[in-house]
Amino acid sequence: MDPQPLEKTNPSLGDKISVSGVNVWYAAQQVLFDLSIAIRPCAVTAIIGPSGCGKTTLLRLMNRMNDRVPGARMTGLIRMDGRDIYGPDVQVSELRKRVGMVFQKPNPFPGSIFDNVTFGLKIRGMVLRSFLNDRVERTLRQVHLWDEVKDKLKTSALHLSGGQQQRLCLARALAVEPSVLLMDEPASSLDPINTARIEELIVQLKAQHTIVMVTHNMQQAGRTSDVTAFLHKGRLIELADTATFFTNPKSPSTQDYITGRFR
Amino acid sequence: MRPFSLFAFFERMEHGLAQLVRGGLGLAVRLMTMTIILLALVWLGYLFWIGKARLNTEFLFGFNSVVADKAGVYPALMGSLWLLLMVFLLSFLPGLAIAVHLERGHTSRRAKHFISLNLSNLAGVPSVVYGLAGLELFARQLDLGICLLSASLTLSLMALPTVIITCREAIRRVPAELEDGAVALGATPLQALWFQILPAAFPGILSGVMLSISRIVGEAAPLLVLGAVAFVPFAPSSVWDYFTLLPVQIFFWSNQSQPDFAPNAAAAVVILLGITLIFHLLALWIRNRWKKRILL
């Protein structure tokens, strides 16, 4: 049985990813309750909410990273381009190739900058040197890191600064050309200048990528996203266009949250 | 009177300790350390001095003899080198595989706990017991006889618990973020293991394995039980050959009633220590090269 390519089925559906009726438990504790959310293609969706509200869990459902958490259990349906990503014919590694992820803490591989960017390509058997060189240059330019590192591609990625490392991790994810990018508080460990750079990048990247970003920084959500979702205690409280969300929130608890009345 | 407080007690104690250190305790500790190192060096120098007459190529490449001056260490040296290689081959890969399985495989927590407990117990079993087990299992039941292979298997069995424990530690020290990063790029668990986790854990794995194996190869007791004797007139040329080893040779020479054999024993000790030293330096070199390759 050959797994169908994920992007082929049902292109008529408007949403890139649709999460419907999802419940998640860690052992006996339920963390997401009957949650449904649609992710618009080629746009930035920000997920905000207080700590422990389940926003990271929701994000990690979309590339099935939660499969790796012992004791995690899930019910409900998540479709990408109309296809159930938890279906029996889906190869998880194929899915993750289509859905890249950038983590909260920069986690470059110990090894050269070049090896970091090409890892995702090499594990798929793309080893042609000229191709790799081109791809490394292209993705590093895309994240505005090329000028800083072009003379030291063979040196360790661990010698880069935190901001550079995070941009490298973004480049590493972009190198395999994912259609969706998941970002888990990508700027939380960075200083204001590097944060601004990452935010700028996010806005640029949405031309080709669907971006879902978890953040606890409401200004960041306001600056970068097109759609904002507010999660509280494992439930989706509000989902709206970012402009409407921050100026005219419907739910009183959203209002309380964005005005800082509770954390 | 103030009530007793552990906080205040610790503070006073630390204060007092700091004063003691300033008042000469630090110096005393340093002196003691230096004395121990010096004693070890003196002992090594003494061995050198005793054995210096025998530390030549004739001794190194000669065969054993009942005449002390004519006796050489070649069969024992080759036996030890063979054994070193065999134990490395037989315990490294299985040990690593078991460690990976325990750390990354789908083993229930209960089974893991049970296995860990048994591994630490096995690591503490006296070597003589391993010798007896090897004699019965390999030499007799599997009918391999008393040969290099059964000796290697016995010592590998003895090295295995320590190898597994050190490999597990090394793998566990690799941060989980590394695997997350690899898997999030679409690497399968095996790819993440092979291309990211094992290379990052390799320096730790190597030093752990080298340490336990070079320790094992210095053992005489299990092999004496297994039936190794000192007087073997040839160097082993296959794993089925009869063998002798440096520790066994040292044991027999130092047990001889004639004092003429003392220099032989001393010289053999120096050679054994030399092998261990070379082995460790080699491990250090590989380790540093690897770190440079990975981290640059």
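I count two strands as paired if DSSP finds at least two bridges between them. Helices (H or I, at least four residues) and strands (E, at least two) are DSSP runs, numbered from the N terminus.

I noted that this is a predicted model, in which local features need pLDDT of at least 70, side-chain atom pairs count only at pLDDT 80 or more, and totals for chains, interfaces and linings use all residues. Residues are numbered from 1 along each chain as its sequence is written, and chains are lettered from A and ligands numbered from 1 in the order in which they are written.

Entry on chain A strands. I looked up E1(A), residues 17-26, and found an antiparallel pairing with E4(A), residues 72-80, over eight bridges. In that pairing A:Ile17 stands opposite A:Met80. E1(A) also pairs in the antiparallel sense with E2(A), residues 29-39, over seven bridges, and there A:Ser18 stands opposite A:Ala38. Two residues lie between E1(A) and E2(A) in this hairpin, and A:Ala27 in the turn has a positive phi of about 55 degrees.

Entry on the contact between the chains. I found 25 residues from chain A and 17 residues from chain B (contact: C-beta atoms, placed from the backbone, within 7 Å). On the chain A side, H2(A), H3(A) and H6(A) each supply at least two residues. The largest share, four residues, comes from H2(A).

Entry on chain B. I found 11 helices and zero strands. The C-alpha trace of chain B spans about 75 × 60 × 40 Å along its principal axes. Among contacts in chain B between residues at least 6 apart in sequence, 75% join residues at least 24 apart.

Conventions: Two residues are in contact if their C-beta atoms, placed from the backbone, lie within 7 Å.
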